Structures are given as structure tokens and as C-alpha cells.
Amino acid sequence: MISITVMALVFGVVFLAELPDKTALAGLVLGTRYRASYVFVGVAAAFAVHVALAVAAGSVLTLLPQQIVHAITGVLFLAGAAVLLLKKGGADGDEEIRDPANQSFWKVSGAGFMLILVAEFGDLTQIMTANLAARYDDPLSVGLGAVLALWAVAGLGIVGGKALMKRVPLELITKVAAMLMLALGVWSLYEAVAA
């Protein structure tokens, strides 16, 4: 059964953490060069793979005693908050985007898939998703929330990245995401100590 509360929490945290990341920039660049629907299919497929790997890793953590899981997730959330607060600029890596030779569905979606698959591997949001899967022991709700958030950011980047970034300061988005992660980290550590 899907928990709407867990799914909404995961969606919010992952969405805010991913907005200032390289995905929005990569989606924006690819979306201006190629058919948006082709780009989105490749990017969405790559994110689905990343979320599945993260949820599987988080589910393995749930086999540990609950107190240890809370301590591990608390420390990782605090580290994620620190990374968001300390990183410079909006994109944390300027991956080179290679132009497919033509506009065919397979070449364009394949370029989007490979770009995101490589660029996002071990990324902060993938680690956060694993943390959330361990924290809530609800892989389906966490997975759905995370993948929908990542798809939403990719979609925004592909079709409206410039407009969004003009209206909402990237610094504000980053700070809100960091504060949410900080709160989750403190709460997890409190539960580890109180248990």
C-alpha cells in the first residue's frame, strides 16, 4: 500500500534538492536543441534506474537494527544539508553534452539517458533516496515520490528552466532543501538516541 504522506515528503525533499542540480541545466540544454518529448523519455528512464538502485540500497539498510539505521540516515542527511549549503553555483558539474548526429528518437533519448545515467550516479538525490527508503521502510512510496520529483525537475528543465530560474532564486531553493535535510537529520539522530 502506498503512503501518500511518505510519497509527498520524499517528493518535496528530492524535488527541492534536485532543482539547483545539473539535471535542470542538462535538461534545459538538451530541450533547446532537440524535441522535448524525446529528451524527456531518455532522462525519465535514467532516473527510474537511479531510483530503483537507491531504493534497493536503502531497503538493505532496513535489515540493520532500527537505532543504527536512524543514526546512519541522520548523519547522511546532515552531510547532504552541508553539501547543499557549501556547494558553489547551481550546477555541480558541467558535463559535456554531445550532439546526436540527427533528431531520431533513439539517438536523442539515448543521449539524454546516457547523460543523466552517468552524471547522476552517486549524486546527492540518489543518496537521499536511499536514506529515505531506509528511514521509512516503504520502498514503493519512497520510489514513487523520488521518481516523480526527478521527472518533474527534468520536465521543468526541459520546457521551462529559464523562466523558473528567473522567478525563483536558486539560492533560496538550495537553502530550503538544505533546511529540510537538516531537520530530517536532526530528527533521525534524535530517534537513534531516544530509542
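The following legends describe an overall view and two close-up views of a predicted model. Residues are numbered from 1 along each chain as its sequence is written, and side-chain values use heavy atoms, without hydrogens or water. Local features need pLDDT of at least 70 and side-chain atom pairs count only at pLDDT 80 or more, whereas totals for chains, interfaces and linings use all residues.

**View 1. The chain contains 8 helices and 0 strands.** Helices (H or I, at least four residues) and strands (E, at least two) are DSSP runs, numbered from the N terminus. Of the 195 residues, 45% are buried, that is, under 20% relative accessible area; exposed means over 50%, and partly exposed lies in between (1.4 Å probe, protein chains only).

**View 2. A nonpolar surface patch of about 350 Å² is formed by L64, I68, I72, L76 and I127.** Patch residues have over 30% relative accessible area and no salt bridge; like charges are joined within 9 Å, and nonpolar side chains (Val, Leu, Ile, Met, Phe, Trp, Tyr) within 5 Å. A salt bridge is a side-chain nitrogen of Lys or Arg within 4 Å of a carboxyl oxygen of Asp or Glu. Areas follow the Shrake-Rupley method with a 1.4 Å probe; for residues, only the protein chains shown count as cover. Helix α4 (residues 66-86) contributes the most, with 3 residues. I127 belongs to helix α6 (residues 124-136) and is partly exposed because its relative accessible area is 37%.

**View 3. R35 lies in the loop between α2 (22-33) and α3 (36-61).** R35 is partly exposed, because its relative accessibility is 49%. Beyond its neighbours within four places in sequence, R35 contacts Q103 and V108, where contact means heavy atoms within 4.5 Å. The C-alpha atoms of R35 and S109 are 9.4 Å apart, although 74 residues separate them along the chain.
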